[in-house]
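Thanks for coming. I will go through one model today, starting with its domains and ending with the backbone.

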Amino acid sequence: MQEYFDLQAHNTFKLSARARYFCAITDVQELRDALQFARARNLPLMVLGGGSNVLFRKDYPGVIVHMTNRGIDIVAETAEAVWVRAASGESWHGFVEYCLHASLHGLENLALIPGCVGAAPIQNIGAYGVEVKELITDVEVLDAVTGVIETLTCTQCEFGYRDSIFKHNLHRRKIILSVTFRLHRSPCINLGYAALAQALSGIADPTPQQVFDAVCAIRRSKLPDPTVLGNAGSFFKNPVINREAFAKVLQDWPDLPSFPVAVDNDRNSVSNWVKVPAAWLIEKTGWKGRKFGQAGVYQQQPLVLVNHGDASAADILALAEQIMFTVAQQFGIQLELEVQWIPPRSSA
Ligand code: EPU
């Protein structure tokens with residue numbers, strides 16, 4: 001257990017903040033010990049993976065456990081599919097590459113997403129037409145109160161757009177140990193996302209490797225590399241609004257793009273809802289590429305806020321508040337955060 005631990009290298013925004021206590025966890029016993037340590041001192045505990053979706057508003061007063069548990073195992077197979085279990089501390093992109101090289105298909109569209117495997121179900125990561133919930137069969141968790149290991153099915157995870165039960169009823173209650181995916185033995189190419197289809201339009205029958213390469217190339221061209229420019233990917237979610245609200249905005253902004261919301265168990269989704277690109281809204285407010293102190297709006301993708309050097313959390317928050325205010329004023333649409341603020345915005 002390390003004290004007053006500097007978190008700058010553990011958050012992709014590269015913000016300065018310290019954890020009162022910090023420890024790297026490699027197995028369940030160490031995790032149970034850390035939980036006991038926090039309980040004995042009546043301190044809050046939070047789990048940190050790659051730190052790629054968090055914004056530390058200030059020092060964390062409790063215990064941060066950094067998951068570094070490793071392991072990728074095949075747990076079942078049939079003629080068509082292979083069930084692969086990956087430990088929560090595995091790098092997400094490393095896992096996607098591993099599966100590609102093992103000819104286990106389905107994850108190619110999710111290449112190059114920063115962070116670790118354990119974070120993937122929490123926000124149901126998604127990109128280029130695929131959401132991870134489509135491939136997850138179950139999630140192994142440790143109950144932070146009872147210490148019991150349990151398995152949650154995909155349905156029990158209540159996945160939605162950048163959402164799951166781990167952000168709601170089970171927030172801080174269950175700690176993800178591993179995730180099991182059902183992958184395909186045969187290539188299953190998904191070119192449903194326009195930008196990806198366009199990138200591969202010259203290839204008649206793209207291979208999973210070509211899809212993987214194209215996704216990496218698009219991401220590299222649009223999204224800032226966090227090792228070069230601090231950021232946490234999309235700072236806001238794409239707003240999901242009902243058709244009446246959409247029709248109202250269209251009166252003033254007839255070229256507002258929209259995307260159908262995927263149906264099934266999404267929290268908000270019925271055919272009455274549409275998703276509108278936050279990047280478009282932010283661009284129209286004029287914030288694209290602008291700087292506010294050392295905080296900025298990324299030129300190639302205004303959904304991403306960046307740290308141009310030594311921005312403080314307060315700089316980023318002030319910029320985010322202004323963007324949200326302007327978008328609400330101009331379009332009557334409330335942007336929702338995609339990045340997790342720690343502590344949450346509601347608390348002091
Ligand atoms: N757009 C603009 N101006 C821009 C960029 C985009 O108007 O400068 C509009 C365009 O209408 C474009 C639309 O936004 O068609 C969508 O843009 P893009 O394909 O870049 O995707 P996005 O909706 O902005 C989402 C995810 C990304 C994911 C991409 C690709 C969210 C919050 N973000 O962004 O995820 O990589 O789709 O699937 O859903 C992340 O979660 O951190 C993340 C990067």
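**Domains, ligand and backbone**

The domain assignment divides the chain into domain 1 (2-67), domain 2 (72-184) and domain 3 (230-342). Keep in mind that this is a predicted model.

I will take the pair of domain 1 and domain 2. Their centres, taken over C-alpha atoms, are 22 Å apart. The contact between them involves 14 residues of domain 1 and 15 residues of domain 2.

How much area is buried between domain 1 and domain 2? The figure is about 1,100 Å², and carbon and sulfur atoms give 65% of that. On the domain 1 side, the residues that lose the most area to domain 2 are Arg-32, Leu-35 and Met-67, which together account for 35% of what that side buries. As background, accessible area lost when the parts come together is often used to state the size of an interface.

Which elements of domain 1 give two or more residues to the side that touches domain 2? They are the helix α1 (28-40) and the strands β3 (45-48) and β5 (60-67). The largest share comes from α1, with five residues. By residue class, the side of domain 1 that touches domain 2 has eight nonpolar, four polar and two charged residues.

Next, the ligand. It is surrounded by 24 residues, and the closest are Tyr-128, Tyr-161, Tyr-193, Glu-283 and Lys-288. For Tyr-193, an N or O atom in the side chain is 2.5 Å from an oxygen atom of the ligand. For Ser-234, the atom is a backbone N or O, at 2.8 Å from an oxygen atom of the ligand. For Arg-219, the side chain has an N or O atom 3.4 Å from an oxygen atom of the ligand.

Back to salt bridges, this time over the whole structure. The search finds nine. One of these joins Arg-185 and Glu-77, whose closest N and O atoms are 2.6 Å apart.

Last, two backbone items. Where does Leu-112 lie? Leu-112 is in the loop between α2 (92-101) and β8 (126-127), and has a positive phi of about 65° although it is not a glycine. The other item is the peptide bond from Ile-342 to Pro-343, which is cis, with omega near -10°. Pro-343 sits in the segment after β20 (340-342).

That is the end of my part.

Note on methods. Residues numbered from 1 in each chain as written. Predicted model: local features only at pLDDT ≥ 70, side-chain atom pairs only at ≥ 80, totals over all residues. Heavy atoms only, no water. Domains from an automatic or database assignment. Contact = heavy atoms within 4.5 Å. Buried area = accessible area lost by both parts, 1.4 Å probe. Helix = DSSP H or I, 4+ residues; strand = E, 2+ residues; numbered from the N terminus. Nonpolar A, V, L, I, M, F, W, Y, C, P; charged D, E, K, R; others polar. Near = heavy atom within 4 Å. Polar contact = N/O pair within 3.5 Å; in protein donor to acceptor, adjacent residues only side chain to side chain. Salt bridge = Lys/Arg side-chain N within 4 Å of Asp/Glu carboxyl O.
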